[in-house]
Amino acid sequence: MTNTILEMRGITKTFPGVKALSDVNLDVREAEIHAIVGENGAGKSTLMKVLSGVYPAGSYDGQIVYKGEEQHFKTIADSEAKGIVIIHQELALVPLLSIAENIFLGNEQARGGVIDWDETRDGARKLLGMVGLTEDPDTLVTNIGVGKQQLVEIAKALSKEVRLLILDEPTASLSEKDSAALLELLMEFRKQGITSILISHKLNEISRVADRITVIRDGRTIETMNKDQISEDRIITSMVGRALDDRYPPRSPKIGDVVFEVKNWNVFHPLHRDRQIIRNINLNIRKGEVVGIAGLMGSGRTEFAMSLFGRSYGQKISGEVFLHGKKIDTSTVEKAVAQGIAYATEDRKTYGLNLIDHIKHNTTLANLGGISRMGVIDDMTEMDVANEYRKKTNIRSSSVYQVTGNLSGGNQQKVVLSKWLFANPEVLILDEPTRGIDVGAKYEIYTIINQLAAQGKAVLVISSEMPELLGITDRLYVVNEGQVVGEMPTAEASQEKIMRAIVRAEGKAS
Amino acid sequence: MTTETAPSGVTSTTEQGKAPQMSVWGALKANMRDYGLLAALILIMLFFQYFTGGVLFKPLNLTNIILQNSYIIVMALGMLLIIVAGHIDLSVGSVSGFIGALAAMLMVGWKFPPELAFLANPFVAGAICILVGAMIGAAQGYLIAYHQIPSFIVTLAGMLIFKGLSLAILAGKSVGPFPAEFQLLSAGFIPDFFGPTTLVAAAEGVQPLVLHTTTVVIGVVTVLAMLVLALRSRSRRKARGYESEPLGLFVAKNVVIAALVLFFTYMLASYRGLPNVLVVMAVLIALFVFVTKRMTFGRRIYALGGNLKAAALSGIKTERMTFYVFAIMGALAALAGMIYAARLNSATPKAGQGLELDVIAAVFIGGASALGGVGAVAGAVIGAFIMGVMNNGMSIMGINIDLQQMIKGVVLLAAVFFDLYNKKRAG
């Protein structure tokens with residue numbers, strides 16, 4: 001346990017105009033799980049790209065010593081040849097190829113360019129066994145869930161004789177169950193002598209599995225802690241550079257009458273006409289209230305929200321929506337927005353932002369009518385609006401002309417929020433508003449949610465993180481398999497209570 | 001032609017109440033693409049001016065360049081919208097050929113009974129042609145937008161269909177000549193309301209120099225209008241405390257553009273004045289710049305090309321927008337087809353073939369992204385002129401057509417390569 005497998009010394013990496021890393025030091029011991037934490041944009045991913053050869057030797061200063069030798073990786077292939085494999089946040093699998101084909105992609109079991117399919121399948125099955133998957137290797141990757149895809153990525157890494165596995169936010173889009181399985185697997189690897197570097201925002205996971213933690217802030221190493229020194233508070237203090245007394249801003253709700261109500265909502269799967277995804281959901285939100293939807297991944301939370309918002313998901317949708325007691329038509333996104341409903345997506349890159357355009361244009365996109373007259377946009381008004389919301393949501397950027405694709409996750413999320421705030425909705429549905437963003441930005445987003453509620457808006461928050469729901473909402477609905485299986489004031493709720501509601505429903509279902 | 005300035009936003013100094021300025025270098029870099037393209041066009045023109053022994057800048061030749069490329073530019077405007085929306089239209093060449101044929105048959109080929117004779121009137125026939133073009137575009141757009149058939153396939157089919165239809169209605173023959181009014185579309189010049197201005201009277205051994213006064217007036221008014229608009233926009237930015245480009249650069253840019261416009265005005269005025277088709281083109285270019293830069297319609301097209309799903313979830317009717325874009329393209333292809341036919345003064349079965357490639361090339365040289373969401377009208381127009389000047393210059397130099405094709409291919413490749421290289425470096 002004391003042998004150092006990797007040492008990075010004095011790594012400095014500069015991009016035109018920005019110093020992304022300055023004098024970063026990292027040492028990783030053999031067969032440990034080493035966590036790297038830091039706010040978004042702190043430089044974690046850049047450091048890993050330096051290590052894996054994405055940024056070739058020579059484009060940075062400093063030394064990389066791996067297994068006692070100084071390394072100069074020019075490409076990813078160089079680092080992989082030495083057993084260093086990185087699994088990125090965005091999975092690099094080809095959806096329409098089979099599991100086996102994906103595992104051996106670029107490393108085909110072939111002789112003279114002719115693929116040996118028996119060997120490919122056998123090899124794949126063996127590797128899948130190691131990560132605890134029983135899927136048929138011929139299954140297409142698109143047909144398995146995200147959690148299993150993540151495991152396929154790891155199987156792929158194992159096929160390359162991995163000695164040092166780097167995982168960038170591996171559990172960001174996994175359910176609690178899948179995350180647990182993945183972490184279990186890392187601990188299993190540790191026993192077999194495989195070293196892992198884990199980049200994650202989920203502090204509870206880190207404190208569970210990591211042997212040591214290195215904190216990076218603003219491109220510098222702040223400290224490395226040993227297992228016995230690890231505590232969430234200490235990590236947070238070190239990450240943000242100040243003590244966060246409370247992870248959730250205080251709420252003093254002023255709750256009024258019911259503003260928004262959904263009755264008997266039913267939705268069927270967009271492709272399979274007979275598969276019912278949402279069953280008879282009834283729900284209401286009061287003025288100034290923050291309501292949460294708790295439930296596991298795949299429980300139908302997002303599907304419910306999207307079907308509500310202009311029927312963006314599913315078919316054969318039935319049910320009624322009321323705003324201030326009056327039935328409203330939300331059958332298209334345009335109508336839903338016009339009625340005062342906004343939905344900020346869980347997947348900001350795919351559904352939320354035009355990543356090649358700048359902040360200004362993204363901010364006004366959902367309410368172009370608000371900056372134009374007879375279809376002609378008023379430049380100056382748009383500029384004022386963009387700057388106003390940039391300030392309001394505290395977006396960190398050089399100007400409103402920064403392209404959103406270059407922003408960190410937290411700032412991207414703030415642009416998505418700005419867009420919907422400018423649309424001036426009465427009901428705001430926030431789907432995983434803090435996914436994959438750092439502690440500091442989370443706090444800012446919670447503050448914005450509080451302000452919205454204080455202005456008398458009705459807010460619906462969907463989240464996988466139960467502590468978050470418990471921390472920021474006034475009332476909770478628990479959803480499982482497309483049904484509401486529990487409703488409780490947050491003051492009376494706890495993680496155990498929520499889980500019990502889910503488990504009880506599961507018991508009934510089977 | 002305008003080169004828009006991408007302004008850079010506010011800085012913290014705004015709070016001190018003083019309008020900030022970005023550095024000259026920063027402003028240049030922010031607009032590298034636009035300036036670079038314009039500079040490339042000017043360089044290419046100077047190059048051919050030299051190697052054609054001064055023929056390129058002869059008033060007659062400049063007028064010709066405009067006439068020869070007008071239909072490409074008209075179609076490039078629509079193609080820009082299509083490509084920004086993330087699609088492609090391969091049918092525009094065939095559609096323009098088909099509409100040219102339709103125009104010929106309406107005005108010349110078909111013998112209408114007396115009660116329908118009005119259909120042969122050039123203005124009625126022209127309107128019908130634009131309408132038919134828009135309907136063709138709409139039909140293709142309908143399949144692409146509402147049935148999700150890839151535009152590449154729909155318009156490839158359209159290309160074959162309309163190529164066949166042109167052959168069919170012309171019965172394989174050329175049809176012409178057109179009535180005089182129709183020919184004016186391509187061959188005509190605006191009348192000189194003020195009468196000619198004689199700068200140098202004809203005398204022994206002296207070339208006379210007579211200017212088309214109306215053209216000069218229009219040119220000067222255009223320049224003044226551009227300057228007023230630029231100044232107004234600058235002062236509005238300053239009044240609101242937003243950063244503007246450095247004064248030196250602002251002056252230099254506007255002086256260069258004004259000088260260019262005045263130079264071309266002078267050139268055209270010393271020949272026969274403004275060609276009618278240039279007036280049509282200028283109006284369309286101004287309209288499309290306005291639509292793409294200032295109207296919600298344009299903004300929505302950029303948004304859906306940039307991220308279709310995000311645009312749809314922002315309440316944009318993405319299908320309807322796609323449909324409109326193709327309908328507009330159809331109408332422009334029809335106009336281009338008529339300009340082309342009027343220029344040749346006959347409709348031929350081969351008219352328009354392969355034009356789609358020149359149009360698409362112009363848009364890509366102009367900096368549009370094949371992935372959608374990026375592109376500018378000014379870029380597409382300059383791109384079309386780069387191709388046009390090269391065609392013209394190489395023909396005057398007597399370079400073989402085979403070599404010409406290869407050179408154009410290399411230029412297209414180089415332009416896109418340079419563009420991507422720049423973007424990567426800017427990172």
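Which residues in α3(B) meet which residues in α13(B)? In this predicted model, the α3(B) side consists of B:Leu67, B:Ser70, B:Tyr71, B:Val74, B:Met75, B:Leu77, B:Gly78, B:Met79, B:Leu81 and B:Ile82. They meet B:Val325, B:Phe326, B:Ile328, B:Met329, B:Leu332, B:Ala333, B:Leu335, B:Ala336, B:Ile339, B:Tyr340 and B:Arg343 in α13(B). Sorted by class, the contact of α3(B) with α13(B) has 18 nonpolar, two polar and one charged residues.

Helix α3 covers residues 59-84 of chain B, and helix α13 covers residues 318-344 of chain B. Their axes come within 8 Å and cross at roughly 175°. Angles over 145 degrees count as roughly antiparallel, and α3(B) and α13(B) are therefore roughly antiparallel to each other.

**Domains of chain B**

The domain assignment of chain B gives two parts: domain 1 (40-184 + 286-422) and domain 2 (189-274). The C-alpha centres of domain 1 of chain B and domain 2 of chain B lie 28 Å apart. Four residues of domain 1 of chain B are in contact with five residues of domain 2 of chain B. On the domain 1 side of chain B, the residues touching domain 2 of chain B are three nonpolar and one polar, with no charged residues.

**Strands of chain A**

| Strand pair | Sense and bridges | A pair of bridge partners |
|---|---|---|
| β13(A) (258-268) and β16(A) (315-323) | antiparallel, six bridges | A:Val262 and A:Val321 |
| β16(A) and β17(A) (326-328) | antiparallel, three bridges | A:Leu323 and A:Lys326 |
| β23(A) (475-480) and β24(A) | antiparallel, six bridges | A:Val478 and A:Gly486 |

β16(A) and β17(A) form a hairpin with two residues between the strands. In this hairpin, A:His324 takes a positive phi near 50°.

Chain A also has an open sheet of six strands, in the order β18-β21-β22-β15-β23-β24, with mixed pairing. At its edges stand β18 (341-344) and β24 (483-489) of chain A. Each of these has a single partner strand, so one side of each is left without a neighbour in the sheet. On average, neighbouring strands of this sheet are turned by 20° against each other, direction ignored.

Helix α15 (residues 439-454) of chain A packs on this sheet. The strands that α15(A) touches are β15 (290-294), β21 (427-431) and β22 (458-462) of chain A. The direction of α15(A) makes about 150° with that of β22(A).

Technical notes. Residues numbered from 1 in each chain as written. Chains lettered and ligands numbered in written order. Predicted model: local features only at pLDDT ≥ 70, side-chain atom pairs only at ≥ 80, totals over all residues. Domains from an automatic or database assignment. Contact = placed C-beta atoms within 7 Å. Nonpolar A, V, L, I, M, F, W, Y, C, P; charged D, E, K, R; others polar. Pairing = 2+ DSSP bridges. Helix = DSSP H or I, 4+ residues; strand = E, 2+ residues; numbered from the N terminus. Axes fitted to C-alpha atoms, helices over the stretch in contact; angles between N-to-C directions. Parallel < 35°, antiparallel > 145°, perpendicular 65-115°, else oblique.
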